[in-house]
Amino acid sequence: MSLDWFGRKTSVYGPSYSSGVLSLCVSNLPRALRYRAENLLVCFMTPGPKEPTGSQLQNYMRLVVDDLLQLYDEGIIYHTPAYPQGRRVRVVLLGVVCDHPAMCKLSGFADHSHNNAPCSKCHVSQDDLFSDESLRNEFAARDGEAHRQRCYEDNELLDNDAHTTFFKEHGARWTELARLPYFDLVRQTIIDPMHNLLLGIVKTQWYNRWIQNSALRASTDARARELDMIHKFLASFEAPLWAGKLPLRVGEPAGGSLTADEYKFAALTAWPIIIPIVWQTFINESDKDFESAQKRHLKAQEKFNKDFMAWKSRQELPQGSANMGKRGNRSKEDAEPKPPKQPNVRMQRDEPTNLLRLSTALKIFCGSSVQLELLPRAEVLLQEYLLEFKRMYGEGSMKPNFHWAVHLAQQIKDYGPVYNFWAFLSERLNKVLKSSNSNNWTGGQVEISMMREFMRAAQIDSMVSGFTC
């Protein structure tokens, strides 16, 4: 089961509009057929222009869970040529795969900002989310039955204030999925590897740490810099079409924002080759720039100290002195001096090695097939990367995805390779629905129009594929 919201605007001047779609994927189908959008079961779409809250979403989910309970208890009888008398088929929900906000709404969890329960898999608190114990996955795992009990307790409360207090304390709210007797809300609610690893950790490393902090700079008319070396490498780099590619101007505004596929190709193929060469070429220049910046900072700090002492002495003068305004107030021009900012190190010598740790872990985690004996090695490499990232950049540079990633290995043990459960499939469905003709409808009518066109296309595809030559 997957739930995602996507924006759809008919004009750049129009207001934002968000539609949501809940879909089911048939896991019995071969992977080649499972990942075709027309084979998805679209259950409902939530009308815009805003996303529903977690409690509002359960009004839609009640109908879906009613059907799932019937399909589990009674099943459905299919009549086929092989079984003319009919064969009973039962259906179970294997897992929930969404981005993190949608996952929390569906399964009744709190999001990353909750003080007591920022993680759906373990009992880490907000204060310990980036501790060494958290990054080593040393906190006790959460229990699915305990969370189900919390959900029922929340459902029995009568007023909104009681719901708010309960959620603030326990980080749990009512979800209709708690009615499924076989469904483990903790184990079967999946942290999506696509959003967590590729659009989370890898993007943070590339964009937040290297692009925004000027570790990789664009070239100037006078000289070539780090991004120029990467662009020349990509221009001559050959890879099969199925492996993907990167924009030639990656890292610059002309290159645009990278997609999850592009981050996957970069982290597994391109960056492990070129980043160590870039660091080897420019690290000495970075060290010299940092030394110069430190000298400038020392001079600026000395000037600040003098200016601050002079400003402080002026503030101690009696009212009516020369620094006062016409009405005897302090002059607005005599503002408190601001201290100079500490210079940052553009490049650190251990960054290429740490990137290789991440790339090697992703190579194991993100493979189309996984050798279970290699998972412990991938876990160790990922934890080493996270701890080294924290040492180099500080805890303030880390994001909740860094903790959630430590639970990926257990999910692979439960569900197999990430190709079986990551959210590329639902993102493909979003693209199909956004490209449909909405006839300029607004409100709930646009969702009806999209669902009708999607179902019409799926039925036509089913009829055409049934023809034999």
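Q: How do α7 and α10 pack, and at what angle?
A: In this predicted model, helix α7 (residues 193-211) packs with helix α10 (residues 351-365) at an angle of about 165°, and their axes are 12 Å apart. That makes α7 roughly antiparallel to α10.

Q: Left-handed or right-handed crossing for α7 and α10?
A: The crossing in which α7 passes α10 is left-handed.

Q: Which residues meet there?
A: From α7 there are Leu-197, Ile-201, Val-202, Gln-205 and Trp-210. On the α10 side they meet Glu-351, Leu-355, Leu-358 and Leu-362. Sorted by class, the contact of α7 with α10 has seven nonpolar residues, one polar and one charged.

Q: Staying on α7, what about Asn-196, buried or exposed?
A: Asn-196 lies in helix α7 and is buried, with a relative accessible area of 3%.

Q: What does Asn-196 touch?
A: Leaving out neighbours within four places in sequence, Asn-196 is in contact with Ile-191, Ile-201, Asn-401, Trp-404 and Ala-405.

Q: Lys-203 next. Where does Lys-203 lie?
A: Lys-203 is also in helix α7. Its relative accessibility is 35%, so Lys-203 counts as partly exposed.

Q: Which residues does Lys-203 touch?
A: Not counting residues up to four places away in sequence, Lys-203 touches Leu-198, Asn-208 and Tyr-263.

Q: How far is Lys-203 from Gly-416?
A: Their C-alpha atoms are separated by 25 Å, and Lys-203 and Gly-416 are 213 residues apart along the chain.

Q: Why does Gln-411 count as buried?
A: Because its relative accessibility is 2%, and buried means under 20%.

Q: How do they divide by class?
A: The contact of α8 with α9 has eleven nonpolar residues, one polar and one charged.

Q: Now Arg-148. Buried or exposed?
A: Arg-148 counts as buried, at 9% relative accessibility. Its place is in helix α5 (residues 144-155).

Q: What lies 2.7 Å from a polar atom of its side chain?
A: For Arg-148, that is the backbone oxygen of Ala-178.

Q: What does Arg-148 touch?
A: Setting aside residues up to four places away in sequence, Arg-148 touches Leu-177, Ala-178, Leu-180, Pro-181, Phe-183, Asp-184 and Leu-185.

Q: Backbone question: what is the phi of Asn-137?
A: Asn-137 has a positive phi of about 60°, although it is not a glycine.

Q: Why mention that?
A: Because most residues other than glycine have a negative phi.

Q: Where is Asn-137?
A: Asn-137 is in the loop between α4 (132-135) and α5. Asn-137 is partly exposed, with a relative accessible area of 29%.

Q: And Ser-214, what is the phi there?
A: Ser-214, not a glycine either, has a positive phi of about 65°. Ser-214 is found in the loop between α7 and α8 (226-236), and is partly exposed with a relative accessible area of 32%.

Q: Zooming out, how many helices and strands are in the chain?
A: The chain has 15 helices and seven strands. Its C-alpha atoms fill a box of roughly 100 × 60 × 50 Å, taken along the principal axes.

Q: How much of the chain is buried?
A: Buried residues are 43% of the 469 residues in the chain.

Q: And what share of contacts comes from residues 24 or more positions apart?
A: They account for 66% of the chain's contacts with a separation of 6 or more.

Methods
Residues are numbered from 1 along each chain as its sequence is written. This is a predicted model: local features need pLDDT of at least 70, side-chain atom pairs count only at pLDDT 80 or more; totals for chains, interfaces and linings use all residues. Side-chain values use heavy atoms; hydrogens and water are left out. Axes are lines fitted to C-alpha atoms, for helices over the stretch in contact, and angles run from 0 to 180 degrees between N-to-C directions. Helices (H or I, at least four residues) and strands (E, at least two) are DSSP runs, numbered from the N terminus. Angles under 35 degrees count as roughly parallel, over 145 as roughly antiparallel, 65 to 115 as roughly perpendicular and the rest as oblique. A crossing is left-handed if the near helix is turned anticlockwise from the far one by less than a right angle, and right-handed if clockwise. Contact means heavy atoms within 4.5 Å. Ala, Val, Leu, Ile, Met, Phe, Trp, Tyr, Cys and Pro count as nonpolar, Asp, Glu, Lys and Arg as charged, and the others, Gly among them, as polar. Buried means under 20% relative accessible area, exposed over 50%, partly exposed in between (1.4 Å probe, protein chains only). A polar contact is a pair of N or O atoms within 3.5 Å; within protein, one must be able to donate a hydrogen and the other to accept it, and residues adjacent in sequence count only if both atoms are side-chain atoms.
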